[in-house]
Amino acid sequence: MALCLIGVADAAYLTVLHFTNSLPLVCPTKPGFINCDDVLFSKYSHPFGIPVVVPGLTWAVVMLALCTPWAWRAASPWVHRARLVGSAAGILTVFYLLWAELIKLHHLCEYCTGMHIVTVALFFVIVFGTALAVPGHADVDETEADPGV
């Protein structure tokens, strides 16, 4: 859940920057490899005419809900599937954004990179957490469960 909270904070900050046309704190805007301004306001930050920060913030909030302790203990398999699909969608988005930043723009935004790191870390936590989850079993006496005894 901590990763999700960091992701929501980062995505919210990027959304505010986008809609206020503000310059980010600490990130250089001079020509150079790290240049948040060129990344945040590039044509690649608006696929299909939608600012990428809007679905990014939505994704972060949904993943926060799907990663609460209650969601991890949910009986419905659909909650667990939604969490896996959401984390996979996040990874695919990171691939697109890294392609745009590194290949097309030749710039990185440190706040975007922070979100990418959170997304990849969250993906691994979810995949391994799901794989290692022990399904709940009803408390049944071992002799009752095995008719051959």
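1. A residue is called partly exposed when its relative accessible area falls between the buried limit, under 20%, and the exposed limit, over 50%. Phe124, with a relative accessible area of 42%, is therefore partly exposed. Keep in mind as you read on that this is a predicted model.

2. Let's look at the overall fold. The protein chain has seven helices and zero strands, so its pattern along the sequence is simply α-α-α-α-α-α-α. Of its 149 residues, 34% are buried. Among contacts with a separation of 6 or more, 69% join residues 24 or more positions apart. The accessible surface comes to about 9,200 Å², and carbon and sulfur atoms hold 73% of that surface.

3. Now for the aromatic rings. The whole structure contains five aromatic pairs. One of them is Tyr13 with Tyr111: the ring centres are 5.0 Å apart and the planes meet at 55°, so this pair is tilted. Tyr13 belongs to helix α1 (residues 2-20) and Tyr111 to helix α6 (residues 110-132), so the pair links parts of the chain 98 residues apart. Tyr13 itself is partly exposed, at 25% relative accessibility.

4. Phe124 from the opening point also has a ring partner, Phe123. Their centres lie 5.6 Å apart with planes at 75°, so the pair counts as edge-to-face. Phe123 is partly exposed too, with a relative accessible area of 23%.

5. Which residues do ring pairs link into a cluster? They are Tyr44, Tyr96 and Trp99.

6. Finally, have a look at two arginines. The charged end of Arg83 sits over the ring of Trp72, 3.7 Å from its centre. Arg81 places its charged end over the ring of Trp78, 4.7 Å from the centre.

Conventions. Residues numbered from 1 in each chain as written. Predicted model: local features only at pLDDT ≥ 70, side-chain atom pairs only at ≥ 80, totals over all residues. Heavy atoms only, no water. Helix = DSSP H or I, 4+ residues; strand = E, 2+ residues; numbered from the N terminus. Buried < 20%, exposed > 50% of the residue type's maximum accessible area, 1.4 Å probe, protein only. Contact = heavy atoms within 4.5 Å. Areas by Shrake-Rupley, 256 points an atom, 1.4 Å probe, with all protein chains shown as cover. Phe/Tyr/Trp six-rings, centres within 6.5 Å; stacked < 30°, edge-to-face > 60°. Lys NZ or Arg CZ within 6 Å of the ring centre and 35° of its normal.
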